[in-house]
Amino acid sequence: MEDFSIKNRELQGIDILYLDGFLDAHTSVELEKALDNLISNDKYKIVVNFENLTYISSAGLGVFMAFIETARNNSGDIKLCSMSEKIYNIFDMLGFPILFEIYKEENSAIEKFS
Amino acid sequence: MKNSADCVYMEKINKIRVSSSTKNLAKLRNFIEKNAIDSGIDDSTINQIIMSVDEACTNIIKHAHKFNENETIDVETKSDKGQFKIILMYKGKGFDPNDLSSPDMKEYFNNFKVGGLGVPIMKKFMNKIEYVRLNSDKNFLTLIKYL
């Protein structure tokens, strides 16, 4: 089993990243590359699906902080969805819902871009 | 001395040594999880302890050892007297998390800051954090959770 992997799907100009495994200081580099790749190619409308993510540390949280401003400055956003209660509690405890839109369903996140 | 002998018998101690690399964070989390389960700790508390240890070790790897994999971190867990303790022993530049005040999160998000959340997470999830530096190069960081 891989520690962490990302799958990417594009739907009507929106890029959806599917995270699988655990996101810590070691694996967060992969997520950073994936988001950097999208932003570098002027793709600013991003949905991140957490359905298969089992763990996140502050290193993982930091990756989203690093790209959200650029995405929003270019009429885009990084919207988060499908978190388990365990993962959501980490985001919530630190106040991330102040800055990030977090949806229960992927469809809801996608619809918000239209 | 019956009481002290009983205490020694009751105390569960487990140790692991890993090289100072983020590659070993998963191994450390598994070690903590196994020992916390063996100590009868509930899932929610285990998750808090695991994340706190991850954050502490990540800081050691980054700041004390600057990703030098030749350095090591010794991790020891102790479960006794209603407390689960994790003791991290490492060489290099020390740091007492108690010296760092938690950021104002409203300001943090307004300014799109990155990083600096490891210590606030440790402080939020653990009941007590103790830091001791010995012999000018040996650091002991103890994370304590009351059960």
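User: A crossing counts as left-handed if the near helix is turned anticlockwise from the far one by less than a right angle, and as right-handed if clockwise. Which hand do α2(B) and α3(B) show?

Analyst: This is a predicted model, in which local features need pLDDT of at least 70 and side-chain atom pairs pLDDT 80 or more, while totals for chains, interfaces and linings use all residues. Residues are numbered from 1 along each chain as written, chains are lettered from A and ligands numbered from 1 in written order, and side-chain values use heavy atoms, without hydrogens or water. Helices α2 (residues 25-38) and α3 (residues 43-64) of chain B (DSSP runs of H or I, at least four residues) have axes that come within 9 Å and cross at roughly 145° (lines fitted to C-alpha atoms over the stretch in contact; angles run from 0 to 180 degrees between N-to-C directions). Their crossing is right-handed.

User: What type of aromatic pair do A:F96 and B:F109 form?

Analyst: A:F96 lies in the loop between α3 (85-93) and β5 (102-103) of chain A, and B:F109 in helix α4 (residues 105-110) of chain B. Both are buried (under 20% relative accessible area, 1.4 Å probe, protein chains only). Rings pair with centres within 6.5 Å, and planes over 60 degrees apart count as edge-to-face. Here the centres are 4.9 Å apart and the planes at 80°, so the pair is edge-to-face.

How values were computed: Helices (H or I, at least four residues) and strands (E, at least two) are DSSP runs, numbered from the N terminus. Rings of Phe, Tyr and Trp (its six-membered ring) pair if their centres lie within 6.5 Å; planes under 30 degrees apart count as stacked, over 60 as edge-to-face and the rest as tilted. Buried means under 20% relative accessible area, exposed over 50%, partly exposed in between (1.4 Å probe, protein chains only).
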